[in-house]
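User: I'm new to reading protein models. Could you walk me through a few features, giving me the general idea and then the case here?

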Amino acid sequence: MDERIRLTQINPHVWLMDDAGESTGYLVIGQEKAAVIDTMNGWANVKEAARELTPLPLVVINTHGHCDHIYGNVYFDEAYLHPADLPLAQHHASFPEFVELCRIHHLKMPPFKPFNDGDVLDLGGLHLRGIHLPGHTPGGLLLLLEEDRILFTGDAINRHLWLQLEESLPAAEAADALEKVLYLTGEADFILHGHAKGTDPIGLMNDLLRGLREIQHGQTQDDPPYHWFGGEGRQHPFARDSVICYPRA
């Protein structure tokens, strides 16, 4: 297995896959199937990594359409994605550098199949339920592992939320969307997000909502600048070691 991907066991059937500290995917192993949640950057063969742990049929679900979560799809035949992120995923799959690497290595992006709000994937004894959460991207998809009360959130809920992107919602709209799914704090105990090293408490949802409302109401006078590859925005602290990045006014 490629040394880029480091495996950490979360519980008897959930594994965290850390892709060189750049993004995180997960493997959930049921009795009949296993789910690969996000395939990361594609530099390492995530299918081979999964095969180190299970021989079961593999089902890929992408939490959203950004390149650091979908490029490893090239090692599979298909992947599920919320339809609202399909244009974004197609755009990232068309980046010239990625297209050239696929050509060199004789790989290609497989087709996306829709995974909608309320859809459930039965892995045999374990069930993943999809919940749509727009914000970071239009088609952000949360996945609730019902039996283990774990919520996989991709980049839609994390400790370094990017809302400064062109495809992201304004803070007020992202807060409204998050508030609609706060019922999940009664259905999950832990969060595993798209750049995690381990679990976060489900209370992160409430912390994030509070931070988004603070931005909405202009409580940002002390927010420092945030420099990223696309320019400069601002960053709003909302909990310990946690920020929301958003556009400059």
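User: Let's begin with salt bridges. Which residue does Lys 113 meet in a salt bridge?

Analyst: The general idea is that side chains of opposite charge can pair when their charged atoms come close. The cut-off for a salt bridge is a side-chain nitrogen of Lys or Arg within 4 Å of a carboxyl oxygen of Asp or Glu. Here, the side chain of Lys 113 meets that of Glu 78, at 3.7 Å from N to O. Lys 113 sits in strand 7 and Glu 78 in the loop between helix 2 and strand 6, so the pair ties together parts 35 residues apart in sequence. Helices (H or I, at least four residues) and strands (E, at least two) are DSSP runs, numbered from the N terminus.

A word on the source: this is a predicted model, where local features need pLDDT of at least 70 and side-chain atom pairs count only at pLDDT 80 or more, while totals for chains, interfaces and linings use all residues. Residues are numbered from 1 along each chain as its sequence is written, and side-chain values use heavy atoms, leaving out hydrogens and water.

User: Are Lys 113 and Glu 78 buried or exposed, or something in between?

Analyst: Buried means under 20% relative accessible area, exposed over 50%, and partly exposed in between (1.4 Å probe, protein chains only). Lys 113, at 33%, counts as partly exposed, and Glu 78 is partly exposed at 36%.

User: How many salt bridges does a search of the whole structure find?

Analyst: The search turns up 14. One of them joins Arg 213 to Asp 176, with the closest N and O atoms 2.9 Å apart. Arg 213 belongs to helix 6 and Asp 176 to helix 5, so this pair ties together parts that are 37 residues apart in sequence. Arg 213 is buried at 19%, whereas Asp 176 is partly exposed at 39%.

Arg 240 and Asp 241 make another pair, at 3.8 Å from N to O. Arg 240 is exposed at 73%, and Asp 241 is exposed too, at 68%. You'll also find Arg 4, Asp 19 and Glu 22 linked in a network of salt bridges.

User: Now helices. Which residues of helix 3 are buried?

Analyst: Start with the geometry: an α-helix has 3.6 residues a turn, so residues three or four places apart point the same way. In helix 3 (residues 86-93), the buried ones are Leu 88, Ala 89, His 92 and Ala 93. Looking down the axis, they fall within an arc of 135°, so they line one face of the helix. That arc is taken from the directions from the helix axis to the C-beta atoms.

User: What do those buried residues of helix 3 pack against?

Analyst: They pack against helix 2 (67-70), strand 6 (79-81), helix 4 (96-105) and strand 7 (112-114). Take His 92, which has a relative accessible area of 10%. Contact means heavy atoms within 4.5 Å. Leaving aside neighbours within four places in sequence, His 92 is in contact with Gly 65, His 66, Cys 67, Tyr 71 and Phe 98.

User: What about nonpolar cores? Which residues touch the most other members of the largest one?

Analyst: A nonpolar core is a set of buried Ala, Val, Leu, Ile, Met, Phe, Trp, Tyr and Cys residues joined through side-chain atoms within 4.5 Å. The largest has 29 residues, and Leu 142, Leu 151, Ile 157, Leu 178, Met 205 and Leu 212 touch the most other members. Strand 10 (141-145), helix 5 (171-180), helix 6 (204-216) and strand 17 (242-247) each supply at least two residues. Helix 6 gives the largest share of this core, six residues. A second, separate core of 28 residues includes Met 40, Ala 44, Ala 89 and Ala 93.

User: Last one: where is Trp 43 found, and is it buried or exposed?

Analyst: Trp 43 is in the loop between strand 4 (34-37) and helix 1 (46-51). Trp 43 counts as exposed, at 54% relative accessibility.
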